[in-house]
Amino acid sequence: MSTAPLPLGDTGAPEPATDRTVIGENLSLPLFRTLSGVLAGHPYLKVVVDRAEATWHLLDTAAHPFHVNYIATHVIGMDLAELDAALDEFNASVYMDPERRFLLGVLSLHTEQEAEGRERTFLVLETTEADTMHGELLEFFYSFVRERVDGRLPLLLKPANHGQEEELAAVSEQRVPRILSHELFGTRTRTPLNLGDATGRLRHFRTVQEYEAAAGGLGWSDIVAMPCLPDDVRRVAGFINTAPITPLSHTNVLASGWGIPNAIVRDLEQLIEKDGLDGAWVRYRVREDEITLERLARAPELRAPAWHQQRIRLEPPLLADAPVLSLHRLRSADRDRYGTKAANLGELYHVLDSRTADLTAFHGRPRPPRENLYGHLAARLGLRAPAAAELRVAAVSFVAGTVGAPEGVALPFSLLHRFLTSSPALQQGIGKLKMALELDATDVLDPLCLQLQQLVRHTPMPESVAGEITRALPAPLATGVRLVVRSSSNAEDLPGFSAAGVYDSVTTVRGTDELLDAVRQVWASLLSPRSVRLRQQVGISLDDTYMGVIIQVYVPAALGGVLVTCNPTRREDFRNVYLNCSPGSPEKVVEGEVLPQQYLYNTVEGGGRTVALGSWTEGLPAATRARLADLSLAGRLLQSHFSAPEVDAPLDIEWLLTDQGDFRLVQIRPYAL
């Protein structure tokens, strides 16, 4: 597991009295261990190379948590108040000046199993994510450190971002041996996905069939472990994946929304065998730097989880007749008539077309010791010392030039209401379901839901309802153009209730009959056993829940994926956003058909880095990665509008890159941390 990117100049706590920092000495393994700390499971040591003095400083990790504080106070002679007042300028001098005096980095100690079963120990040298060292500096940095480190230990340079990777491409690997981020971390035994604690009974399933056979008996105090959890997993105390998965999968979005721990633990079977964990009560903890499973001697006294008291209140749905409307005619206030997903896309149209929204609020928040990040945003937008109004105009112009909203129409709740009230059988079935929910008759709930779903799918649609749907799309239906039909309920994409993967979408629709069938399928997903149970758990009444529908012409995608405007595994990280992608449709990522490529993009200083290549053997071309950096900044800027007034609340954005090279955002919703 890697050392995490280091904060750029945040002020640390007062230093301890003992400081074992050494200057100019060669580094042996015993000295390394004396000075190092542990982060993400690996010993690490901060180093500062002083080019002017031709020496280096090996920092005592306990005494000096930040490189720049040490340089400013112990080498240059500044005090912390002076540093804070000029922090960004100082950071630029040590991380971005091509003629810089100081080179800052981290040495971390790693082990790996060789083919013969022996352990190989090696050191990795890396800089911070915002460092812009060119190839000559990187080679100098590596050579300087290599000459002063025990020659028996292999030393590899890990480029910290895509820019450094490109600079190193012209440098021989004989002169600078290297390892890329995804190569170092791709085989990690344990990886945090969603941080948290849980106490519960560990239930381990090797196959989906084993899980399905036991699913009915799972309860809120269970911790479910299996290679890849199904999207319809019950609400439980914790998740453990024994095979790789992305932090942006549906199940991890659920874990985040539910506030439960989730991690990849590849060695779980060995832990189970060693400690007899399957079926045992355990304490499960997921941290950035550690994932633990501790067997408990006996079953603990458990209190009902907090979500038993969680209640989400919806505004009453508006069921009066409303027209089928193009998405661009909607605003966020229309969520009670057309659903949250459609309303958010309508709001996106408004932001892009009106260009009146303030998209700079996230960058305007204080990030101590900085008053704000306006200077960084101006630099990213190519401006020098702009006025506030000029910066706002530039921000919204950048977003409008980077992303677009998808075309389509939205069906109002009133069409579903008219459909349901047209059938006595449907009315009777809904009445029975309401009674079962009121009586908490769990034994009949699932059969009632399944019967109702079948009724919805096969009940004829009133001609007036069908006519309103088909008249909205005369040309695509007449020519057999492929359509996509998506859910837009008022009980999804909400703070505290994302409903990721809960409702249906149909992406291969052609012609009138298939369209009407797809609309009924999306409506029916509102009554699936899983969706009914999840809503009941958070107090959302069946009476208050309605389904709108989005219908769009299918747009072929060269690349698609999901972007969350945060770093899911480092909640205090205000710089980076996390992006997953794969060639083709975003559904491949969110539905787990492939393991996506994973990237982190810094939306403050700029730059990005590859986290994992997923199912692919090569990363994206540099030009495409640069476009994804723009997409990431656009997502961060949109956060200022869609999360207002809590502008630090991240967004979950599904996107695609069309064959024509345009970015389209197909969904925007809150991402629960």
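Ala 54 sits in the loop between strands β3 (42-50) and β4 (55-58). Its phi is positive, about 55°, although Ala 54 is not a glycine. Keep in mind that this is a predicted model. Is Ala 385 buried or exposed? Its relative accessibility is 79%, so it counts as exposed.

Now take a buried alanine. Ala 130 lies in the loop that runs between β6 (119-126) and α5 (135-146). Its relative accessibility is 4%. Buried means under 20%, so Ala 130 counts as buried. Look across to Val 604. Along the chain, 474 residues separate Ala 130 from Val 604.

Asp 321 gives another pair to look at. Between Asp 321 and Leu 157 there are 164 residues in sequence, and the C-alpha atoms are 64 Å apart. Asp 321 is found in the loop between β14 (291-295) and β15 (325-326). Its relative accessibility is 61%, and exposed means over 50%, so Asp 321 counts as exposed. Which residues does Asp 321 touch, not counting those up to four places away in sequence? They are Ser 414 and Arg 418.

Next, the sheet. Strands of a sheet pair through backbone hydrogen bonds, either parallel or antiparallel. Here, an open sheet of 7 strands shows mixed pairing. Trace the order: β16-β26-β25-β21-β22-β23-β24. The edge strands are β16 (403-404) and β24 (608-612), and each of them pairs on one side only. Inside the order, β21 (residues 557-564) and β22 (residues 576-582) run antiparallel, joined by 5 bridges.

Helix α12 touches β16 and β26 (663-670), and its direction makes about 125° with that of β26. Helix α24 touches β16, β21, β22, β23 (597-602), β25 and β26. The direction of α24 makes about 140° with that of β25.

These helices also meet each other. Two packed helices are described by the angle between their axes and the distance between the axes. For α12 (residues 340-354) and α24 (residues 622-642), the angle is about 110° and the axes are 12 Å apart. Angles of 65 to 115 degrees count as roughly perpendicular, so α12 is roughly perpendicular to α24. Which residues make the contact? From α12 come Asn 344, Glu 347, Leu 348 and Val 351. From α24 come Leu 638, His 641 and Phe 642. The residues of this contact divide into 4 nonpolar, 2 polar and 1 charged.

Move on to the nonpolar cores. The largest has 70 residues. Leu 433, Ile 469, Phe 497, Leu 515, Val 519, Trp 523 and Ile 551 touch the most other members. Which helix gives the most to this core? Helix α21 (residues 511-525) does, with 7 residues. Trp 523 is worth a look. Leaving aside its neighbours within four places in sequence, Trp 523 is in contact with Leu 415, Leu 416, Phe 419, Val 456, Met 461, Val 465, Met 547 and Val 549. A second core is separate and has 49 residues, including Leu 327, Tyr 338, Leu 345 and Tyr 349.

Helix α22 (residues 529-537) is mostly covered, with 7 of its 9 residues buried. Those buried residues are Pro 529, Arg 530, Ser 531, Val 532, Arg 533, Leu 534 and Arg 535. What covers them? The cover includes α9 (250-258), α17 (424-438), α18 (442-458) and α21. After α22 comes Gly 539, with a positive phi near 80°.

Finish with two peptide bonds. Pro 368 and Pro 369 are joined by a cis peptide bond, with omega about 5°. Pro 369 lies in the loop between α13 (361-364) and α14 (374-380). The bond from Ala 644 to Pro 645 is cis too, with omega near 0°. Pro 645 is in the loop between α24 and β25 (651-658).

How values were computed
Residues are numbered from 1 along each chain as its sequence is written. This is a predicted model: local features need pLDDT of at least 70, side-chain atom pairs count only at pLDDT 80 or more; totals for chains, interfaces and linings use all residues. Side-chain values use heavy atoms; hydrogens and water are left out. Helices (H or I, at least four residues) and strands (E, at least two) are DSSP runs, numbered from the N terminus. Buried means under 20% relative accessible area, exposed over 50%, partly exposed in between (1.4 Å probe, protein chains only). Axes are lines fitted to C-alpha atoms, for helices over the stretch in contact, and angles run from 0 to 180 degrees between N-to-C directions. Angles under 35 degrees count as roughly parallel, over 145 as roughly antiparallel, 65 to 115 as roughly perpendicular and the rest as oblique. Contact means heavy atoms within 4.5 Å. Ala, Val, Leu, Ile, Met, Phe, Trp, Tyr, Cys and Pro count as nonpolar, Asp, Glu, Lys and Arg as charged, and the others, Gly among them, as polar. Two strands pair if DSSP finds at least two bridges between them. A nonpolar core is a set of buried Ala, Val, Leu, Ile, Met, Phe, Trp, Tyr and Cys residues joined through side-chain atoms within 4.5 Å.
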